[in-house]
Amino acid sequence: PCCILLPIKQVIMSKFTFLLCALFVAATQAFAPASPARATPFVAKESVALSMAEDTYWEGQYPPSSVLGPIMSKMPSVTLGLISIFCLAACGISCSQSWVLQQEPGALADGSWVKWYYVLGSFGGPLAWGTHVAAWIQRKNGM
């Protein structure tokens with residue numbers, strides 16, 4: 001009976017492989033044409049393109065808050081700064097803890113140092129950069 005049961009790593013990897021295959025199929029379906037009747041090309045109106053260009057254009061040293069989008073343009077700079085610090089801390093903790101796990105014997109050979117939560121936390125670096133720029137924009141605009 002113990003031969004019938006798969007080891008835990010094989011079960012996890014088979015679920016992960018299934019998830020990757022499902023994502024691949026979903027991605028290919030997103031770019032497949034729905035029907036031959038919908039083969040007409042999309043032509044954007046000139047007014048839409050011009051209004052988008054006017055929204056993101058500015059003169060001076062810093063942009064208006066509207067370039068940050070509908071959510072972050074309403075946030076005060078202190079909140080964005082705190083989010084930036086949190087994201088930077090998450091990135092730093094994730095990178096340092098991954099380094100600690102890499103020091104264990106055999107960790108690089110079998111990949112046991114790769115943890116999903118450390119990979120997720122490593123995205124905090126780019127998010128910290130973006131939110132600190134957003135905080136700077138909001139501070140310059142008086143928010």
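The legends below describe close-up views of a predicted model.

View 1. From the N terminus on, the elements read α-α-α-α-α-α-α. Of the 143 residues in the chain, 16% are buried. Among contacts with a separation of 6 or more, 73% are between residues 24 or more positions apart. The chain has an accessible surface of about 11500 Å², and carbon and sulfur atoms account for 73% of that surface.

**View 2. Helix H4 covers residues 77–102.** H4 holds 26 residues. From the first C-alpha to the last, H4 reaches 37 Å, close to the 38 Å expected at 1.5 Å a residue. The buried residues of H4 are Ser77, Leu80, Ser84, Cys87, Cys91, Ser94, Ser98 and Leu101. An α-helix has 3.6 residues a turn, so residues three or four places apart point the same way. The buried residues of H4 pack against H3, H6, H7 and helix H5, which covers residues 107–110.

**View 3. Helix H7 covers residues 124–140.** H7 has 17 residues. Its reach from first C-alpha to last is 24 Å, close to the 24 Å expected at 1.5 Å a residue. Buried in H7 are Gly124, Ala128, Thr131, Ala134, Ala135, Ile137 and Gln138. These buried residues pack against helix H3 (69–72), helix H4 (77–102) and helix H6 (116–122). After H7 comes Gly142, which has a positive phi, near 85°.

**View 4. The largest nonpolar core has 6 residues in all.** Its members are Leu68, Met75, Leu80, Ala134, Ala135 and Ile137. H7 supplies the largest share of this core, 3 residues. Leu80, one of the core members, is also among the buried residues of H4. Leaving aside neighbours within four places in sequence, Leu80 is in contact with Met72, Met75, Thr131, Ala134, Ala135 and Gln138.

**View 5. Ser77 and Arg139 are joined through their side chains by a polar contact of 3.2 Å.** Ser77 lies in helix H4. Ser77 counts as buried because its relative accessible area is 4%, under the 20% cut-off. Apart from neighbours within four places in sequence, the residues in contact with Ser77 are Ala135, Gln138, Arg139 and Met143.

**View 6. Thr131 is part of helix H7.** The relative accessibility of Thr131 is 10%, so Thr131 counts as buried. Its side chain reaches the backbone oxygen of Leu127 at 2.8 Å. When neighbours within four places in sequence are left aside, Thr131 is in contact with Leu80, Ile83 and Ser84.

**View 7. Gly130 of helix H7 is shown with Ser84.** Gly130 has a relative accessible area of 25%, and therefore counts as partly exposed. Its C-alpha atom is separated by 7.8 Å from that of Ser84. Along the chain, Gly130 and Ser84 are 46 residues apart. Ser84 is one of the buried residues of H4.

**View 8. Leu88 is an exposed residue of helix H4.** Leu88 counts as exposed because its relative accessible area is 53%, over the 50% cut-off. Contacts of Leu88, leaving aside neighbours within four places in sequence, are with Gly124 and Ala128. Both Gly124 and Ala128 are listed among the buried residues of H7. The C-alpha atoms of Leu88 and His132 are separated by 9.9 Å, and these residues are 44 residues apart along the chain.

**View 9. The whole structure contains 0 disulfides.** Cys91 is in no disulfide, and the nearest cysteine sulfur, that of Cys95, is 4.1 Å away. Cys91 is buried, with a relative accessible area of 14%. Cys21 has a relative accessible area of 46% and is partly exposed.

Definitions and conventions:
Residues numbered from 1 in each chain as written. Predicted model: local features only at pLDDT ≥ 70, side-chain atom pairs only at ≥ 80, totals over all residues. Heavy atoms only, no water. Helix = DSSP H or I, 4+ residues; strand = E, 2+ residues; numbered from the N terminus. Expected span 1.5 Å × (residues − 1). Buried < 20%, exposed > 50% of the residue type's maximum accessible area, 1.4 Å probe, protein only. Contact = heavy atoms within 4.5 Å. Disulfide = S-S within 2.5 Å. Core = buried A, V, L, I, M, F, W, Y, C linked by side-chain atoms within 4.5 Å. Polar contact = N/O pair within 3.5 Å; in protein donor to acceptor, adjacent residues only side chain to side chain. Areas by Shrake-Rupley, 256 points an atom, 1.4 Å probe, with all protein chains shown as cover.
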